[in-house]
Amino acid sequence: MLAQFDGTPTFEYTDPHRAENVRWGTWNFDLGKAQVQSFLISSAMYWLDHCHLDGLRVDAVSNMLYMDYDAGKENDRNKDGGRDNLEGIAFIKQLNTKIFAKHPDVLMMAEESSAYPQVSAPIDTGGLGFNYKWNMGWMNDTLKFFEQDPVYRHSDMNLLTFSFMYMYNEQFVLPFSHDEVVHGKKSLMHKMPGDRYNQFANLRTMYVWQATFPGKQLLFMGSEWGQFLEWRDWSELEWADLKDPMNKKMQHFTTTLNHLYKARPSLWQQDHEPDGIKITIADEPDVLSYIRYGKQKDDFTVVAMNLVPVQKDHFRVPVPSPGTYEIILNTEDAAFGGTWTKWQQTLTAEIGENHDVPAWLDVILPAMGALLIKPKQLKPLPKKTLALKGKQPTKALPKHETPLSLAGHQRQPISHQEDWGTSPARSQPRDISKVNHQQSKKLGGKAHNAPQS
C-alpha cells in the first residue's frame, strides 16, 4: 500500500530498475531514504514496545545486502564497483543498533541465504549485529538428504557432514519453518520416504539430528505430531490427526525429546563454542556419531544415528571415557511409534582406541533410528598404553581434541539468560580461525566453497 504513496516513488527507489523486484512481483524500499528508515525502525519498535515480542525475524536479508540479488540485476554494481548494497547494509546496522539500545535482551534474527560474512557478529567488529542467522544451508541439505530413498543415502552423506565445516561461522538457528511446508512443498512428514511407518521413523531421526546439532531449533506448528497436510494460512491445523495413534505417538516423542533437551545442558550450553562437540564417526556410510559437551567435564551426551532401515548389531559407538553408560532415548521405542519394547540395559565401555576416542560401547543401532546415551558412572583412563580387544597394540591415547571450527576462538561468556549459553552477537570477538584440515579429512574430504543455500 506504500507503492507510489503520493503518486511519486516516495518509499521505493526513484530508478524503476532498482525499485521493481521482478522475482517477487513487489517493490523494493529505498533503504537510503530517511522516511524509509524512520518508517521501518518505528514499525519494529512498535512490535517490541507495545506488543512485547521477544524478538524479530528479518525476512529476505539477502535482498538488502546485494545489488544483483534480483533477476535482471546480475550486472548491477554500487558506486565503488562492488555487489554490496551499501545503503541496505547501513540500514541493517542502524536497525540493530537502535533496537538493542532500547531493548538489549530481545533477539534479532536474519533470514539470510547467502554466505555473507559476520551476519551475527557485532557491529563494532564489522558485523551486521544480529543475534542469529538462519542456517539455510543446514536446512536445505538436511531435507534433501532425508527426502531421499535410503538406498541412495550412502553416497550423499556429505549433505549432512558438510554442515560441520561451517557450524561456527555464525550463531545459527536451525529452521524447519513455515517456508518449508507451504506452496506445494508438502509437510515434513509427507516429505519423508517410504510407507507411513517409515515416514515417522525418518521424521523422529531427523528431529534428533536437529535437536543435537549445534544451534538453536525452530520447528513449525503441526510438525511436532507429523501433520500430513502442508500448512494453509486460511485454515487451522489438522487437530483431528491426534486421534490417530501414530500421530499421537509422534507428539509424545517430540514432547519427550524437548524435555530431554532442556534437562541436558550438554545439548545446548556450548552451542556456539568449539568445545561443544566432538565428531567421532562421519566417514562411514549411513551412520553418524558425535559427542555433545556441556561446561562440566562429565556432562556429555553421545549421539548415534542409523540413517538406513537396517538394524546394525554390535556397532561400536565411540565414547570419551571408560565406565558405564545408559541409553536415554531410542527413537524406535514402541511408545514413540517404533517396534522396540525393551532397550539395552546398562552399557559398559570397552577400552581401546576407536575413531580417535579411547573407549567404545557395543550397541544395537535400531533400523532408521537414533540413540542418545549418557554416562552413568565414569572411570579414569589407565595410565599405561592399552591393547584393543583383539590383543593388537594401540597408539597412545589421544588428548581431547577441539572440534572442527571455522571460528574457534573463545567467546565472551555473556548471555541473555545465564543458562542458555547464548552469546549476544554484539559481544562476540571478531577473529576467525582457519579450518583444521586434519579434522576436515575425517569429515569426508569433500571440497565445497560456501554453505549451500
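Modeller: One aromatic cluster is made up of Trp138, Phe164, Phe176, Trp209, Phe213 and Tyr290. The model is predicted, so local features need pLDDT of at least 70 and side-chain atom pairs count only at pLDDT 80 or more, while totals for chains, interfaces and linings use all residues. Residues are numbered from 1 along each chain as its sequence is written, and side-chain values use heavy atoms, with hydrogens and water left out.

Start with the rings. Rings of Phe, Tyr and Trp (its six-membered ring) pair if their centres lie within 6.5 Å; planes under 30 degrees apart are stacked, over 60 edge-to-face, and the rest tilted. The search of the whole structure returns 21 aromatic pairs. Take Phe164 and Trp209: the ring centres are 6.0 Å apart and the planes meet at 80 degrees, so this pair is edge-to-face. Phe164 sits in the loop between α6 (158–161) and β6 (172–176), and Trp209 in helix α8 (residues 196–212), so the pair ties together parts 45 residues apart in sequence. Helices here are DSSP runs of H or I with at least four residues, strands are runs of E with at least two, and both are numbered from the N terminus.

What is the burial of Phe164? Phe164 is buried, at a relative accessible area of 1%. Trp209 is buried too, at 0%. Buried means under 20% relative accessible area, exposed over 50%, and partly exposed in between (1.4 Å probe, protein chains only).

Now the sheet. Helix α8 lies across β6 and β7, at about 145 degrees to β7. Such angles run from 0 to 180 degrees between N-to-C directions; axes are lines fitted to C-alpha atoms, for helices over the stretch in contact. Contact means heavy atoms within 4.5 Å. Both strands belong to an open sheet of five, ordered β3-β4-β5-β6-β7, with parallel pairing. Two strands pair if DSSP finds at least two bridges between them. β3 and β7 (216–219) stand at the edges with a single partner strand each, so one side of each has no neighbour in the sheet. From one strand to the next, the twist averages 25 degrees.

Walk along that order. Strand β3 (residues 55–58) joins β4 through four bridges, running parallel. Arg57 stands opposite Met109 in β4. β4 also pairs with strand β5 (residues 132–134), in the parallel sense and over two bridges. There the bridge partner of Met109 is Tyr132. β5 and β6 pair over two bridges, again parallel. Lys133 stands opposite Phe172 in β6. Helix α4 (residues 86–102) packs on the sheet and touches β3 and β4, at about 160 degrees to the direction of β4.

Strand β4 (residues 107–110) is covered on both faces. Leu107 and Met109 point to one side, Met108 and Ala110 to the other, and all are buried.

A second sheet deserves a look. It is open, with three strands in the order β11-β15-β14 and antiparallel pairing. Its edges are β11 (312–319) and β14 (350–354), each with a single partner strand, so one side of each lacks a neighbour in the sheet. The twist averages 50 degrees from one strand to the next. β14 is joined to strand β15 (residues 357–365) by three bridges, antiparallel. Glu350 stands opposite Trp360 in β15.

Trp360 brings us back to rings. Arg316 lies over the face of Trp360, at 3.8 Å from the ring centre. Arg23 lies over the face of Tyr69, at 5.5 Å from the ring centre. The criterion: NZ of Lys or CZ of Arg within 6 Å of the ring centre and within 35 degrees of the ring normal.

One backbone note. His183 has a positive phi, near 55 degrees, though the residue is not glycine. His183 is in the loop between β6 and α7 (188–191). His183 is exposed, with a relative accessible area of 74%.

Last, the whole chain. The secondary structure comes to ten helices and 16 strands. Of the 453 residues, 52% count as buried. Mean pLDDT (the predictor's confidence in each residue, from 0 to 100) is 86, and 85% of the residues reach 70 or more. Over residues 385–453 the pLDDT is below 50, and this stretch has 153 contacts in the model beyond near neighbours in sequence.
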